[in-house]
Amino acid sequence: MPGYIAAFTLVAMILLVVGRSRMLRKNGIQAMNFGKIDRTDFLIPPFALFYFYLVFAAAFQWPTLSRQVFFQSQAIAWLGVGLCLAGLLLFLWSLISFGKSFRVGIDTEHPDQLVTTGIFARSRNPIYVAFAIILIGQFLVFPNWILLVYLGGAFWLFHRQVLREEDFLKQHYGEEFLAYSRRVRRYI
């Protein structure tokens with residue numbers, strides 16, 4: 001059961017992003033800006049799709065590269081489920097707090113207002129924190145070396161993207177962003 005729930009969090013996360021993007025598109029806002037700044041971002045989706053496959057393969061006993069696990073513990077797996085669900089709730093709260101400013105990627109042409117309320121009053125990057133919590137939870141449910149490598153790679157990619165976004169925010173919002181960044185931590 002923990003495996004099914006961990007896999008479900010990936011589906012729920014995708015549905016939330018797609019749903020939010022469609023709602024914004026109906027209001028004339030293009031939320032999908034992935035890869036407009038750096039074309040190398042298009043190297044990320046194949047790795048993400050492979051990650052999704054690995055999680056689903058572990059949950060549904062599909063063929064996979066490795067079934068070797070570091071440990072087997074139902075208690076730790078359920079802790080992982082708790083983290084997956086907590087991450088999903090944080091992700092939802094982030095989308096709600098973002099309002100019409102939500103974007104996938106950096107929107108240099110039509111950026112909206114700087115969001116500093118809701119969950120953004122506690123973390124400048126709650127969506128990346130939510131992703132990290134979900135990935136840690138999934139690793140605890142499926143504790144294998146491949147997901148551990150993905151976890152390290154994802155943390156590096158999240159931090160890289162955060163630094164790119166914050167550079168843009170400094171340029172675009174100036175002192176407003178600098179004051180916000182002095183008040184609120186980057187992650188947690």
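**From one residue to the whole fold**

Modeller: Let us begin with Gln-161, which is buried, with a relative accessible area of 13%. Please bear in mind that this is a predicted model.

Biologist: Why does Gln-161 count as buried?

Modeller: A residue is called buried when its relative accessible area is under 20%. Gln-161 is therefore buried, because its value is 13%.

Biologist: In which helix does Gln-161 lie, and with which residues is Gln-161 in contact, leaving aside its neighbours within four places in sequence?

Modeller: Gln-161 belongs to helix H5. Leaving aside its neighbours within four places in sequence, Gln-161 is in contact with Asp-41, Ile-106 and Tyr-128.

Biologist: How many of the contacts in the protein between residues at least 6 apart in sequence join residues at least 24 apart?

Modeller: Of those contacts, 79% join residues at least 24 apart.

Biologist: What should I know about nonpolar side chains?

Modeller: In soluble globular proteins, nonpolar side chains tend to be buried together. Here the largest nonpolar core has 48 residues, and the members that touch the most others are Tyr-51, Val-55, Phe-91, Phe-102, Phe-142 and Leu-147. Two or more residues of this core come from each of helix H1 (2-26), helix H2 (44-60), helix H3 (74-98), helix H4 (126-141), helix H5 (145-173) and helix H6 (175-183). The largest share, 10 residues, is given by H4.

Biologist: Which residues are in contact with Tyr-51, leaving aside its neighbours within four places in sequence?

Modeller: With those neighbours left aside, Tyr-51 is in contact with Leu-10, Leu-135, Gln-138, Leu-147 and Tyr-150.

Biologist: How many helices and strands does the protein have?

Modeller: The secondary structure comprises six helices and zero strands. From the N terminus on, the order is α-α-α-α-α-α.

Biologist: What does the radius of gyration tell us about the protein?

Modeller: A compact globule of 188 residues would have a radius of gyration near 16 Å, and the 17 Å of this protein agrees with that. Its C-alpha atoms fill a box of roughly 50 × 30 × 25 Å along the principal axes.

Conventions:
Residues are numbered from 1 along each chain as its sequence is written. This is a predicted model: local features need pLDDT of at least 70, side-chain atom pairs count only at pLDDT 80 or more; totals for chains, interfaces and linings use all residues. Side-chain values use heavy atoms; hydrogens and water are left out. A nonpolar core is a set of buried Ala, Val, Leu, Ile, Met, Phe, Trp, Tyr and Cys residues joined through side-chain atoms within 4.5 Å. Buried means under 20% relative accessible area, exposed over 50%, partly exposed in between (1.4 Å probe, protein chains only). Contact means heavy atoms within 4.5 Å. The radius of gyration is taken over C-alpha atoms; the globule rule is 2.2 Å times the number of residues to the power 0.38.
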